[in-house]
Amino acid sequence: IPEIVTISYRQTRGDKDYGSCLWARFNFDTQRYTLHIDSDCGNFTYGWVPTPNHETFMQLCSRFEDGYLLDKISTRCRVNGDDTFKSLMDWLQDYDEYGYEIMTKRQIQTIKDACHSNSNDYAVLRAIQEALEDTAFEGSCSEYDIACCVEMDYPGGAKKVVEIFMEYIQPKCQEISGYKPKEG
């Protein structure tokens, strides 16, 4: 029978971001080194190789950094429209000495809308290609070049769960395990 430690989280009406994730249960299988998160903003699971002779699972969880945990429980599978637009505009500027300055405000807005059109990278790529059709860059930008400008991000639910973990759950893990983070 596995030993499970469960730490629960609940938002209250007074929270600054009330409604972003109303509840979450963090289940730590301390024998199998598995973390399973059930939450209002998604369910996530990841298992590590048990190292009981080196450190307990709760000690391991006590030293997670936010980016590390996010990489373990999720993937960059959503298009970040703002970063994609910036990357594309920078690339167009590098591609042509006049860059996007030769485009009208309407053309730039159409490209910006295309960057924000969907969370799917393929759909955004197609939308950007269509938006470039009525510009001076029509036909001169390869699909590969445009695809390199598409910036991906983690789903919002995964980012919120990690934020909750770092702020509320990890201190409890440290308390349970007796782990003291290094200063500095």
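Modeller: Let me begin with Ser74, which touches Tyr154, Pro155 and Ala158 once residues up to four places away in sequence are set aside; contact here means heavy atoms within 4.5 Å. This is a predicted model, in which local features need pLDDT of at least 70 and side-chain atom pairs count only at pLDDT 80 or more, while totals for chains, interfaces and linings use all residues. Residues are numbered from 1 along each chain as its sequence is written, and side-chain values use heavy atoms, with hydrogens and water left out.

Colleague: Where does Ser74 sit, in terms of the elements?

Modeller: Ser74 is in the loop between α2 and β5 (78-79). Helices (H or I, at least four residues) and strands (E, at least two) are DSSP runs, numbered from the N terminus.

Colleague: What makes a group of residues a nonpolar core?

Modeller: The members are buried Ala, Val, Leu, Ile, Met, Phe, Trp, Tyr and Cys residues, joined through side-chain atoms within 4.5 Å. The largest such core has 28 residues, of which Phe26, Phe28, Leu35, Phe165 and Ile169 touch the most other members. Two or more residues each come from β1 (4-10), β2 (23-29), β3 (34-39), α1 (57-62), α2 (66-73) and α7 (156-177). The largest share, 7 residues, is that of α7. Another core, of 20 residues, lies apart from it and includes Met103, Leu132, Phe137 and Ile146.

Colleague: Which residues is Phe26 in contact with, beyond its neighbours within four places in sequence?

Modeller: Among them are Val5, Ile7, Tyr9, Leu35, Ile37, Val161, Ile164, Phe165 and Ile169.

Colleague: And the whole chain: how many helices and strands are there in the protein?

Modeller: The protein has 7 helices and 6 strands, running β-β-β-β-α-α-β-α-α-α-α-β-α from the N terminus on.

Colleague: How do you know whether the protein is spread out or compact?

Modeller: The globule rule is 2.2 Å times the number of residues to the power 0.38, and the radius of gyration is taken over C-alpha atoms. For 184 residues the rule gives 16 Å, and the radius of gyration is 22 Å, well over that, so the protein is more spread out than a compact globule. Along its principal axes, the C-alpha trace spans about 65 × 40 × 35 Å.

Note on methods:
Buried means under 20% relative accessible area, exposed over 50%, partly exposed in between (1.4 Å probe, protein chains only).
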